[in-house]
Every structure is written in C-alpha cells, then in structure tokens.
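Please find below a short note on the structure under review.

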Amino acid sequence: ALRLKPLLGRAGNQRRKAKRHRSQFYEDVWREAAGELGAVVEGLGQGTFKIGCDSVSIRVHNNFTPLDDPVTTRIALDKFLVHSILRSHGLPVPDHVEFSLDTLSKTYEFVARHRLCVVKPADGSAGGGGVTTGVETRTQLLKAAATAAGYGARLLAEEQLEGDMVRLMYLDGKLLNAVRRGLPSVFGDGRSKISQLFYEMNQQRVDAGYRLAPKTLKYDMDIERTLGRQGLSWRSVPAKGRRGIFKSVTNDNMAAENQSVANEISESIVTDGRHDADLSGNRLAGGQITAPDMR
C-alpha cells in the first residue's frame, strides 16, 4: 500500500496536466482556424470562445459547436437508438442487446452466443468512456457492466467485430477525412513491468503536451481484458521488442498510431458512412466502421 500510494499520486498529477494540455489543444485549433479566416477569437473562460468575423459570430467549447441542435446531439449519443435507426434502413450494425444491471442473466445468454463482446454505456458517454472489449465470461460481464453503469443505467452489449477501425468524418455529407485508428501500445525492453511502461508512456504524453496525444491512459477494465488476451498482466515483464497492446478501445491512442486512409477506402463504405450521417441528422458527423477489408 505504501508503494502504491506514490504511484497513484503521480498518475493523478499526469491526468491533471493532460487535461490542461487537452484544453490548450482545442484553443490552439480554434485560434489557428480563425486566423486562416481573418476572424477574431475572444476567450470567455472555462474553455469557451467567441469567434467573430465581420458581423457573424459563434461560440464554441472544446469540440462542441453550434452546428447541430441539442436533440440531434442527444440522438447521436444514444448508441442503442442509433443502431435501431440504422438497422431499420438496412445498414449493417453489430448484433447487440440493451440491458441493465437487473437483467444480467439474460445478457449472459447473448454473450455466450458470441466469441467476444463489447460492453458499454447505451448513452451518456463519448470518447470510449466506460467501454470494455473482449468480454467472454459471466464474471467479465459483471465487471464490465459495473464499469459502464458508472455512466448511466442503460447498458449495451455488442458482438465484437474483427478488422481495422476507421473513423469517417463528414460535414454536410462531404467526407472530410477517414482515419485508421491504431491500438494504444508499447514495446517491451525486457526489464520493465507493464505497469512501469504504462506510467512512462503517460509521462511521455504529458511531457510532449498534446503533440503525442490529448489525454493520458487510465487503467480500466478494457486494459485488463486487452492485456489478458495477450497473456499479460499489470506485473508482466514483456520481452525486449515485444509489442504490448494496452487497449482495444482506440479513442485514447497517440497521433502516430493514426493514419489517413481517405484515398484507400471503397466508395461503398464512403456512401454507407454518408447515409449513416444523414440518418443521424448531424451536419458534422463522425462514425466508426470496423471491417476486415476497407477496399
């Protein structure tokens, strides 16, 4: 316990510094974009800015913009509702079921039918919060559900699909970019435990500001499951050069682990993504597609 307390304290300091870096990242993005248009940026405090050009002005907060109304944004954050809308229009979605902590026994029947499952909040979260991959057993389901329930009572279990994860971003139906999102990982040195490599990687993120990544990683159920599927644990010492993947949820990866593939994906995927965005009602829409072959 005495050894763990300083480590937890250092991790907390890392997260606080990373949060400040994340806010600075958004401020720099908005100021750079405004500069290209000759607009004026006024800081309103707490990460909120007013951007004006001639007689027109808008307010933004981090990655939130006034492009989409609150109802549209609310729908986009309801994963089960979005699945239902897409499926009703013939678009492919993973097999899934909505559940709660009171219906875990029935949900295990769903998990048992699939090789691997993803458990996540059905709504009330974004950016990978509360998501656990690689769920196979009743015990894992219980722990993953408890994690997801920290974000809300409605939970979602999905069949875990294999393949590359590509993020598509559209504005008014036009594809802005497609990014293949790699998994957060590190290479062993033959001496250090996973826990130490994890801490050092987070420290590199903090030292680099937001240039490597806008956030630090936080130990969670997804890290536990991802390490376990590789035969690793928090105390493992991976061999020199061995790649250890920390998470299967890609939201918190580093910039170097992302690759633009807009010119590589098939037109059918671009079209399906555009259809997804249209059905969601979002002018600015981002969606993730998982497939073994993006061509």
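This is a predicted model: local features need pLDDT of at least 70, side-chain atom pairs count only at pLDDT 80 or more; totals for chains, interfaces and linings use all residues.

1. Nonpolar core. The largest nonpolar core comprises 14 residues, and Phe99, Val119, Val135 and Leu141 have the most contacts inside it. Two or more residues each come from helix H4 (104-112), strand E5 (117-121), helix H5 (138-148) and strand E7 (155-159). The greatest contribution is that of H5, with four residues.

2. Salt bridge Asp78 to Arg154. Of salt bridges, the structure holds 16. In one of them Asp78 pairs with Arg154, with 2.9 Å between the closest N and O atoms. Asp78 is in the loop between helix H2 (70-77) and helix H3 (79-88), while Arg154 is in the loop between H5 and E7, so the pair ties together parts that are 76 residues apart in sequence. Asp78 is buried, since its relative accessible area of 8% is under the 20% limit; Arg154, at 26%, counts as partly exposed.

3. Salt bridge Arg115 to Glu162. The N to O distance for this pair is 2.6 Å. The bridge links distant parts of the chain, 47 residues apart: Arg115 belongs to the loop between H4 and E5, and Glu162 to the loop between E7 and strand E8 (164-171). Arg115 is exposed at 57% relative accessible area, and Glu162 is partly exposed at 47%.

4. Salt bridge Lys247 to Asp222. Here the side chains meet at 3.5 Å, N to O. Lys247 lies in the loop between E11 and E12 and Asp222 in helix H7 (residues 221-229), 25 residues apart. Both residues are buried.

5. Shared partners. Glu98 is located in strand E4 (residues 96-99) and is partly exposed, with a relative accessible area of 29%.

6. Surface patches. Arg15, Arg16, Lys17, Arg20 and Lys218 form a positive surface patch. Within this group, Arg20 is part of helix H1 (residues 4-37) and is exposed at 53% relative accessible area. A nonpolar surface patch consists of Leu171, Leu176 and Leu284, which together have about 220 Å² of accessible area. Leu176 sits in strand E9 (residues 174-181) and is partly exposed, at 47%.

Note on methods. Residues are numbered from 1 along each chain as its sequence is written. Side-chain values use heavy atoms; hydrogens and water are left out. Patches are made of residues with over 30% relative accessible area and no salt bridge: like charges are joined within 9 Å, nonpolar side chains (Val, Leu, Ile, Met, Phe, Trp, Tyr) within 5 Å. Accessible areas come from the Shrake-Rupley method with a 1.4 Å probe; for residues, only the protein chains shown count as cover. A salt bridge is a side-chain nitrogen of Lys or Arg within 4 Å of a carboxyl oxygen of Asp or Glu. Lys and Arg count as positive and Asp and Glu as negative; His and the chain ends are not counted. The place of a charge is taken as NZ of Lys, CZ of Arg, CG of Asp or CD of Glu. Buried means under 20% relative accessible area, exposed over 50%, partly exposed in between (1.4 Å probe, protein chains only). A nonpolar core is a set of buried Ala, Val, Leu, Ile, Met, Phe, Trp, Tyr and Cys residues joined through side-chain atoms within 4.5 Å.
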